[in-house]
Structure formats: C-alpha cells, structure tokens
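Dear colleague,

I am passing on the structure below, together with some notes on its interfaces. Please read the notes with the model open beside you.

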Amino acid sequence: MNNLKLSIKEIHSRLVNKEITPLDLVEECYEKIEENSILNSFITVNKVEATEYAKELSKQEVEKDNLLWGIPIAIKDNISTKGIRTTCASRMLENYIPIYDATVIEKIKEQKMIIIGKTNMDEFAMGSTSRTSYFGSPKNPVDPTKITGGSSGGSAACVAGGLVPLALGTDTGGSIRQPASYTGIVGMKPTYGRVSRYGLIAFGSSLDQIGPMTRNVYENALLLNTLVGRDKKDLTSADKEIEDFTRLIGQEVKGMKIAIPKYFVSDIVSPIIIEKLNRVVEILEANGNTVEYIDMKYLDQAVTLYQIIAMGEASSNLARFDGVKFGYRSENSSSVEEMYENTRGEGFGKEVKRRIMVGSYLLSGDNAKTYYDKALMIRNAMKQEFDKVFKEYDFILGPTTTTVAYPLDENLDDPTKSFMDDVLVIPVNMAGLPGMSIPMGKDQDNMPIGLHIIGNRFEEAKMYQLAYDLEKKLK
Amino acid sequence: MNDYKTTVGIEVHCELKTNAKMFSDSLNNYGGVANVNINEIDFALPGTLPTINQYGVELGIKVALVLNCEINKKVVFDRKNYFYPDLPKGYQITQARNPIGVNGYVEIEVDGQKKKIGIHDIHLEEDTCKSTHADTKSYLDFNRNGVPLLEIVSEPDMNSPEEAMAYLEKLKELLLYANVSDCKMEEGSMRCDVNVSVSKTNQLGTRTETKNIGSISSVGRAISSEAIRQIQELEQGNVIHDETRRYDEKQDRTILMRVKETGNDYRYFPEPDLPSYIITDNDIEKVKETLEVMPDKRRAFYLEKGISSVNSDKLIQNKQLSDFLLGLEDIDLVIASNLLLGDISSYLNKTEKKITETSLTKDKLREVTTMLSTGEITNKVFKDIVVDLMGTNLSIKEIIEKKGIKTISDENALLEIVTKVIEANPESVKDYHEGKDRAIKYLMGQIMKETKGQANAAIVSRLLQEELNK
C-alpha cells in the first residue's frame, strides 16, 4: 500500500482501472496519520464518516473526467464542516459542531473528494508557528523538533509528511505560504475574492483567503479549479469566468519581466536563502527572461499595517464568542458581564486575547482615526504601488521567509517576533494579490526554503505556469 | 418658569416591510412562534457572512425621498461593536459614517403655524433579538434579529410636546403612505427615543434621552413631565446630567435608567464583509416611480374638491379609503367621500374587512356616486343596497331590482305628488317666498316621504322649483 506517494493523476488512473478503491486510499491515510501521530497535524480525524463515504464511493462508477474523484483531502480547522467538529484550535470551540458547510466544502463534496479530518493550526489562525493551538503544536515532518510555521501548520505538515495528498489552508498574512515554505510544499493564496469566504471563520475579513496546499504545482492548480467562483453568500467574492488554472502549465516561461524588490533581498533575509533565490534568477535569465531589482515603497510598513487592520477586524469578528449561543461558556457567573468575562477569559488563549485587546484599543475613540483609518490609507497606497509594478512586470519574486523553520522552543517569549516571520508575505494580503510559495531548495540541515511568487490580480494561471516551469528546472 | 425654552429632538426606529431580513435571506416575520425565522447567519454561527437586502436599501432611498433628504449615493455599512445578549454577532451592522439620507425635513402644522423640522440623517441597520425575562432566566427570540430598521434622526427643532407629536404623526403618515413600514408603536414596529433639554438662553441645555415610549400621546406627556422635572431641578440649583430615562405612564414621570458614561465607545469601522457600492440616478428614479401620491398632496386635492377638512383628515388617516379614490378624481368626491366614511366604513367595521376584500369595485363606486349626484337614487336607497353592493357581485341595477326598489322618474306621476305636497303645506310655501332655504328642504322631505324615498330627486327638485315659482 503505497498509493499516497503517487501523483493524483496516477492515483486516478489506478482508480479508473479498478486497481484500487477510494477505501484503500482512506485506510492508507488513517494508517499514515497514526504512524505519524507525533506530527500532531490533525485536531479531529473524520475516520468513521470518511470510511463510510469511501465504501459508498467504492461501489460507484469512477468519474473518469474528474481527477479529484475519491481523493482524500484535509481541511484546516477554521473552515466550517457540517457535522464535523470545527474548533479553530481553541478551547472556545472545543465542542462546536457546525450545522452548515462552508462554500468550499460544498464544492469539495461535489467533486466527491473525501474529507479525512480537520488540521491543527494557530488558535483562530492567530500566529505564525501554530504554537498557539489549544491542542498543542503540530511538528515539521522534515524535522519534528522544528515548527511547521503557521497558521496553517497542520495542513502543511500532513501534506509534507505524505499523510494526505491535498489540504486546504487559509491565509490572512502568510498563513498558507509561510508554512508551505517551512515544510517544503506548494501553497497558494489566491487573489482576494477568488474563493468564497463563506464558512471560513473570520480573523481579518478584508485579508482572509482560502487556498490549496499540495505536494506539487500541478495538483495545486487542479485543486484551485474546484474552489473558485462567485458565491452569492459572500459579497466580497469576485464575479469571474470559470477558468482552468492548469491550462498554461507546461508552457515554458520566456521573455517575461520579473521584479525583485530590494527589500525582499535585504539583510533581514538569511544568506542561504538569498543564495537559493539567486539560483532561481540564473535559471530565469538563462531562459530569456529579464530580472530586475526594484525599489518599492511601503513594503517595510506591511507588518504594522497588518497588526492594525487584522487585529482591529479580529477584535470585532471574535465578539460573537460570548458564551450566549454556542461554544464554551464559563459556569458559575453571577451576572451577564461576569459570564462574558469568564467565558472569554477562559475560552481564549493568550495570543488571541492579546490581539483582541490590541484590536479593541486600536478602534477605540480617536484611535480609530489615528490608526485604523490611516492604516487603510497606507494600505491603499501600497496597492497602488503594486499596481504600478505590475504595469511593467509580469511577476514579483522573493523569498517566502527570512529564515528556515526554527526549533519549536525558540522565540516563545517575544510576541512581536512571530510577526516578523511573515514580513515578506503580508504585503500580498494587504494588496489583495495572489501569492504562492514553492520549494526552491534546502539549507545545510535539509530544511526547506520557499520561493515566493506574487502575481497580478486574478493571474493565478500565469503564476502556475512560472511555478511549474521552475519546479521542473530546480529539480 | 415660563422663560425656559424646551428643545426636543427625536430618534425614530421603524421596521421596514421587506420579505427577508436586512442581511440574510430568512423571513422578516416575527410575533408568532419564537425562533422559526432564523438561519445560521442570524444566529451568527462562526464563518457566516452578511449579504445586503437590496429591497431594504430601496426602501431607505424611498424614505430619503419622502423626507426630502439628500441621498448618499455610496452605500456603505459600518460595524457598531458592543456586547449584549440580544446582539448575536457582538456588533450591529449600521450606517455610521455614510447614512443613506441626510439634511432632510418634515413640515408640520401646529395651531395653524407651519414649521419645518429638520432631519439630520436616516440610516439603515438591523434589529436585535427580542429578549424576554422570566424568573432568573432570559429568553431570546431571533425572529426579530436582523429585521431591517431605518433610524430617522431629527434635528433638535421641536419646542413643545405638541410639535413633537405633530412631527411623529406626520412622520408616521409619510412612512405609511410610502408603504415602507407598518409604523405600529404598540407592536414596536415604530419606536421613539426622545431627547429633551430646557434652557433660558439660546444655548441648549444638557439633554436627557427618554427611551422606548409606547405611543405618540405618551411622547407628548413624557416631554411635558421631563421638561418640568428639568426646570425644577435647575430652579433648585441642581444640574441636569446626560442620562437615559424611561417614561412611566402611571406615575406620569420619567425615571432614571442609567447615567451615560463619557464617550460611549462603539469602535465603529467599515463593515469589511459588505463592499460599498454606488446607487445610480437611474436606481433613484426607479424608486421614485414606485412612490404613491403623498398625503399632503391628497389633502390639498380633497379640500380643493370641496371635501371638509375633517373628512379630508379622516380619509388620509384611513389609507385604504384614500387609495380607493385614486383614479376616481373626476366624480363628485364630496358624495363619494361621504359614502366611504359613512355607510361603507360601517360595513367594513362590522365585517372586519378591508375595502379591497369586498365586492365593491372602483367602477361601482363611480356608478353609484353618479346615480346619487344625478338624483337617480337617494341616500336612503343607497343605505338599502350597501350590504349587497359590498357583499355580492350583482350589478347596481340588479340589486335595485332584486330589492324591489323602484325609482319614480315618471314626471306626470311626480308632478301629482309635488302639487299635493305644496297644497298641504302653505306655511312652507310662504316661507319659501320669504327666502327661507329651510322650506324647500322640508318640502323635498315630504315628497320623499310620500314616495318612500323612491322619487328621482333631481326631477322632484326641478318640478318643485317650477311649481313654487309659478
């Protein structure tokens, strides 16, 4: 039983040829999850239902044109799944079972994919190491003493560890791309509005996007195909024609203009990572593309903007967790106010409380003008700065992270440090652009290093073209 | 004490008559079984997102038009953050920064004096759950949660309880005629918060807010008693605090609920789940086309047509009757309005029906009014046929036939009766020649009595005049 190592295309042809059934795949997934329990990549495994569904599918005719038919998938635990516990890695939702499916889950079910379980993450996606999870940190399959990154750490770990071929992550300020980089997989944060957010438990509503996390570029594009589309339940979703994101894959990238902002290769980035990026530049130039190092304004402001906007929005988004309707409620309170205080005090972890407090402060009274309104203005300027670059260039490249994944016990005492892990990826969320991370090498300790590809709005297909080309040439 | 000037500003919340809620597609219908019109969005389940009920926005535009507001063409929603059990999301979606309408006015009339009351702004928002408290428990009805609300904020332009009541009456009338809300204060579909202050100078005094008053007349009483209380406090050398009060009907006084803390902090920010959008002039025109004739215009028309001011007001207050006259502008409206407010209203009250639920059509009302104005039938005949007119599909002629009512239009037969009555009443004939109007009415009455009300009044009237003037 080693089907999970195969590509989706190969698995599909085995399914079509009746060499294997979806049940074989599901059983293999759960075996792998058990073998690798040390990775702590799942909060909830959906074993009973998934096995049941796989048996049912195994009796049905394979959909020959649907490569994703019967393929197991893992879902980050901040995406609402009907009947499957959805915790956001928080005590607050430890026993919360949704009564509805997120739009992406409906789409996944339409494809007859099999939901294996819900993956570990930072509590309410607030963190960049997945260490704020109420259920303990997931561990990096490459080196289990290292962080997976976050907040989609569990999704990254289960794909990188070969437990499940595909996973969904979410990205508010790098939460798909940064763990993808740390674990050596492919992660795409699509253009804001590309994928419906309905059913994604909100952190920073104007930044959040759901995206695919996969072992390779092609499968990433394939999974994105099923996720996208205008959703009348999400007014921020974009009205775009259905397109095949794999359509440019295989075409060589030639004669393109690529920009690398100087900030992305400044001394905040480890030399080994710069070295790998230089290798990418060589490949691109050797193939007749132009690479230029450019100055871009505001990039160094992105973390500050992120803190203001994401925390401001989060402080409001998380107000519904009050113990009145669902989720954790503290017992033995003598008034409503006390019930609120105890419930939120006990139900949320430290980092979440810290961000709610900071966010509330930032929106209070005159602060809203001083901070939030101003942040929105700079955010807009930053968007325009990106637009300017994309008038001239096809892509913006850089490293996904400044360092490789670090030990699980490092940087625990400084809450501001973890934001710096996302310094290179946050600008993409601010501008609503698509960004993806693909592996571009390893350091001396075998830790993965990610290449960050930023495309223009709704140009994911073109990004996959470049990513696939590089994936091939970097091998 | 008379040198104090009272200043009043009013915030009105009215529930909009939409099919669905403002930010979700569950039904806008509460008052029945609790917690049936609710979905995952209303319940604020994690991951749910709001959408915009476009019809709700249209109703907002409609009210903006009716209240003479400038319309904000950029539709933007904000979040108003606070914790309360009846607020499931922990924030209310409202329009804090860009209300749909600003700078409007309503014209009122008190004691013959006209006055414009400024509208500071009107904005769209959502209602909260309805809480019920019993023993140590509280219960929430989510049916009301998310019902579209329109908040109408007046300028502090009213200076007496009478002006405040006139403002509310007028507002209610306008909202009813714009067909946007039921405006039932007793059922909570229209709610009033009243800000009152008193001052001896041109500088406004500190105001208090009296919340959730149950009727328009209570608003008047609440303002009176609150103004008196404030004046007494000031006269005793005390100061007025910015506080929230409620009005106790039985004691006829306002009672302190809570002192407002400085800088109530709702942490407003633009709702990121609802992208702003622009309404076009074309959108506004379309809404304009749906507007019915407003009450002021109708009232002026009625007066012009000779309907008394009392009856004009009665018609305006009973919109179904006023609406029934639309399209019948060419008939004798004095007669038609008398029918509507008289026998027809009695019938409607007795049967507890709306006029549109009866067999009376506009054509039949036109016909019967014309028959009355030409004297073809009398009021007495109308009384006899009204039940059939309202309750059956028979034509007027068929009803008259069925009832065995004959109208005597035979001039020779009528002349005989006229002559007979003139001969029997020499006193009245004398009165008539001395110019007493009453006399002819009396003689007409006698003739009608003789004919059991079946004589054609127009012919009788002509014959009578002719005979008397011979």
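A salt bridge here is a side-chain nitrogen of Lys or Arg within 4 Å of a carboxyl oxygen of Asp or Glu. This is a predicted model, in which local features need pLDDT of at least 70 and side-chain atom pairs count only at pLDDT 80 or more, while totals for chains, interfaces and linings use all residues. Residues are numbered from 1 along each chain as its sequence is written, chains are lettered from A and ligands numbered from 1 in the order in which they are written, and side-chain values use heavy atoms, with hydrogens and water left out.

An automatic or database domain assignment divides chain B into domain 1 (5–281), domain 2 (293–402) and domain 3 (411–468). Between domain 2 and domain 3 of chain B, the rule finds zero salt bridges, although five residues of domain 2 are in contact with six residues of domain 3 (contact means heavy atoms within 4.5 Å). About 370 Å² is buried between these two domains, buried area being the accessible area (1.4 Å probe) that two parts lose on being put together, summed over both. On the domain 2 side, B:Thr374, B:Gly375 and B:Thr378 lose the most area to domain 3 of chain B, together 66% of what that side buries.

Between the chains, 40 residues from chain A and 33 residues from chain B take part in the contact, and the buried area is about 2,800 Å², with carbon and sulfur atoms giving 60%. Two salt bridges are counted between chain A and chain B; B:Asp273 forms one with A:Arg197, where the closest N and O atoms are 2.9 Å apart.

With best wishes
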